[in-house]
Amino acid sequence: MRNRCPWSWYLILVVGFLVYRTPIHGIIGMTSLALDTDLTDEQREHLETVSQSADCLLHIVNAILDLAKIEAGRLELEHMPFSLCGTIESTMKMLQVHHEF
């Protein structure tokens with residue numbers, strides 16, 4: 001089906017994943033508001049992890065949308081600053097497992 005109707009495949013992906021972006025933006029916004037309040041260190045750490053996880057999920061959804069654009073021949077590239085060390089550090093923090101003995 002994808003080979004016969006590339007535009008319909010593109011539209012299905014775009015509409016489907018745009019539906020996911022709205023609640024992700026809600027999580028990011030509400031987490032940001034919560035981080036602006038008085039919190040314990042533990043609460044702040046948990047909310048920062050939620051925020052970073054939502055940002056990562058948004059990047060995944062955007063990457064899938066970009067793949068759909070590539071298949072439809074509609075991808076436009078842009079230059080953006082990128083910090084490899086910062087990305088690795090935030091990823092490691094999210095994946096860190098806490099063991100309490």
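## Helix crossing

H2 and H3 cross in a left-handed sense (left-handed: the near helix is turned anticlockwise from the far one by less than a right angle; right-handed: clockwise). The contact draws on Glu 48, Gln 52, Ser 53 and Cys 56 from H2. From H3 come Ser 90, Lys 93 and Met 94. Contact means heavy atoms within 4.5 Å. By class, this contact of H2 with H3 holds two nonpolar, three polar and two charged residues. Here Ala, Val, Leu, Ile, Met, Phe, Trp, Tyr, Cys and Pro count as nonpolar, Asp, Glu, Lys and Arg as charged, and the others, Gly among them, as polar.

H2 covers residues 41-72 and H3 residues 84-95. The two pack at an angle of about 115 degrees, and their axes lie 10 Å apart. Axes are lines fitted to C-alpha atoms, for helices over the stretch in contact; angles run from 0 to 180 degrees between N-to-C directions.

## Model and confidence

This is a predicted model, in which local features need pLDDT of at least 70 and side-chain atom pairs count only at pLDDT 80 or more, while totals for chains, interfaces and linings use all residues. Residues are numbered from 1 along each chain as its sequence is written, and side-chain values use heavy atoms, with hydrogens and water left out.

The mean pLDDT of the chain is 82 (pLDDT: the predictor's confidence in each residue, from 0 to 100). A score of at least 70 is reached by 85% of the residues.

## Overall fold

The chain has three helices and zero strands. Its pattern along the sequence is α-α-α. Helices (H or I, at least four residues) and strands (E, at least two) are DSSP runs, numbered from the N terminus.

Of the contacts with a separation of 6 or more, 73% join residues 24 or more positions apart. Buried residues make up 15% of the 101 residues. Buried means under 20% relative accessible area, exposed over 50%, partly exposed in between (1.4 Å probe, protein chains only). The chain exposes about 8,400 Å², with 63% of it from carbon and sulfur atoms.

Thr 31 sits in helix H1. Thr 31 counts as buried because its relative accessibility is 5%. Beyond its neighbours within four places in sequence, Thr 31 contacts Leu 47, Val 50 and Ser 51.

Gly 16 is also in helix H1. At 29% relative accessibility, Gly 16 is partly exposed. Its C-alpha atom is 9.6 Å from that of Leu 65, 49 residues away along the chain.

Definitions and conventions:
Accessible areas come from the Shrake-Rupley method with a 1.4 Å probe; for residues, only the protein chains shown count as cover.
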